[in-house]
Amino acid sequence: MDGTLRIDVKGLHYKELNARLREAANGYHRIDLLNVFGQRYIGTDIRRPLEIHIYGVPGNDLGSFMDGPSIIVHGNAQDGVGNTMNSGEVIVHGHAGDILALSARGGRVFVRDGVGYRAGIHMKEYQGKRPTVVIGDTAQDFLGEYMGGGVLLVLGLGERHHARFVGTGMHGGVLYLRGEVEAHQLGKEVGVAQPDENDRKVIEGLVRDYCRYFGKDPEAILSGEFRKLFPLHLRPYGNLYAY
């Protein structure tokens with residue numbers, strides 16, 4: 001059996017919803033979840049290509065430990081989207097909450113609007129996998145905190161960047177910001193540079209994907225000014241350890 005399955009999950013406990021989702025994942029290419037209202041862990045433990053459309057607001061840890069599916073959220077998402085995600089993609093047609101892509105080690109997350117605190121915290125790279133996060137608007141404080149790998153692109157399409165402690169403890173990966181950011185907003189562990197030719201290729205590819213998902217104009221976004229934030233040290237807190 002293949003095709004699309006529609007499941008009305010109104011009132012379902014998150015454990016029952018996810019049990020039904022895992023069972024259906026073996027027989028369909030696309031599953032639409034209707035009337036989602038805060039159910040957690042949607043997509044967790046699914047390890048095969050599958051398109052999951054969510055209508056409503058999913059709960060915390062959407063796509064956590066996910067390995068393969070694509071999740072499209074037709075609305076906002078809560079905290080912990082892509083928590084420790086291994087592969088796959090999450091596309092949010094709205095805002096997302098705190099700790100977006102916490103410890104993600106692969107896959108991609110696109111958020112049309114803004115996100116909360118500590119987006120990209122502790123992202124890492126793992127056996128050739130490189131997590132990627134694109135945020136359309138801006139983020140709250142501690143963006144890219146303790147980031148150890150991957151790509152984090154923040155487009156600043158709405159309000160001016162006001163996050164503080166950006167890149168605090170960053171020791172790997174790269175963070176691109178479109179628009180103005182002041183030196184006092186940055187962590188001491190990051191440097192700032194103009195994107196080089198390779199950086200521009202990465203930025204352009206991600207901007208075009210973002211615009212394809214959300215119906216935006218890539219040329220208008222790419223005409224803006226971008227900055228590259230990079231880690232100054234691989235082990236910024238090494239002197240705190242006794243060994």
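Two strands count as paired if DSSP finds at least two bridges between them. The views below show a predicted model.

**View 1. Strand 5 and strand 4 pair in the parallel sense.**
Strand 4 spans residues 67-73. Strand 5 covers residues 87-92. The pairing runs over 5 bridges. I71 has V90 of strand 5 as its bridge partner.

**View 2. Strand 5 also runs parallel to strand 6.**
Strand 6 takes in residues 108-111. The two strands are joined by 4 bridges. Here V90 has V109 of strand 6 as its bridge partner.

**View 3. Strand 5 is mostly covered.**
Of its 6 residues, 6 are buried. Both faces are covered. One side carries S87, E89 and I91. The other carries G88, V90 and V92. Each of these residues is buried.

**View 4. S87 belongs to strand 5 and is buried.**
The relative accessible area of S87 is 18%. Buried means under 20%, so S87 qualifies.

**View 5. S103 sits in the loop between strand 5 and strand 6.**
Leaving out residues up to four places away in sequence, S103 touches T84, I121, H122, M123 and K124.

**View 6. The model holds 1 cavity of 30 Å³ or more.**
Rolling a probe the size of a water molecule over the atoms shows where empty space is left. The volume of the largest cavity is about 50 Å³. Its lining includes T138, A139 and L143. H161, A163 and V166 also line the largest cavity, as do L177, V181 and Q185.

**View 7. The lining of the largest cavity, by class, has no charged residues.**
How many nonpolar and polar residues line the largest cavity? There are 6 nonpolar and 3 polar residues. A139, L143, A163, V166, L177 and V181 are the nonpolar ones in the lining. T138, H161 and Q185 are the polar ones.

Terms used: Residues numbered from 1 in each chain as written. Predicted model: local features only at pLDDT ≥ 70, side-chain atom pairs only at ≥ 80, totals over all residues. Heavy atoms only, no water. 1 Å grid on protein atoms, 1.4 Å probe; cavity = no way out; pocket = protein on both sides within 12 Å on 5 of 7 lines; lining within 4 Å. Points joined across faces, edges and corners; volume = space filled by probe spheres on them. Buried < 20%, exposed > 50% of the residue type's maximum accessible area, 1.4 Å probe, protein only. Contact = heavy atoms within 4.5 Å.
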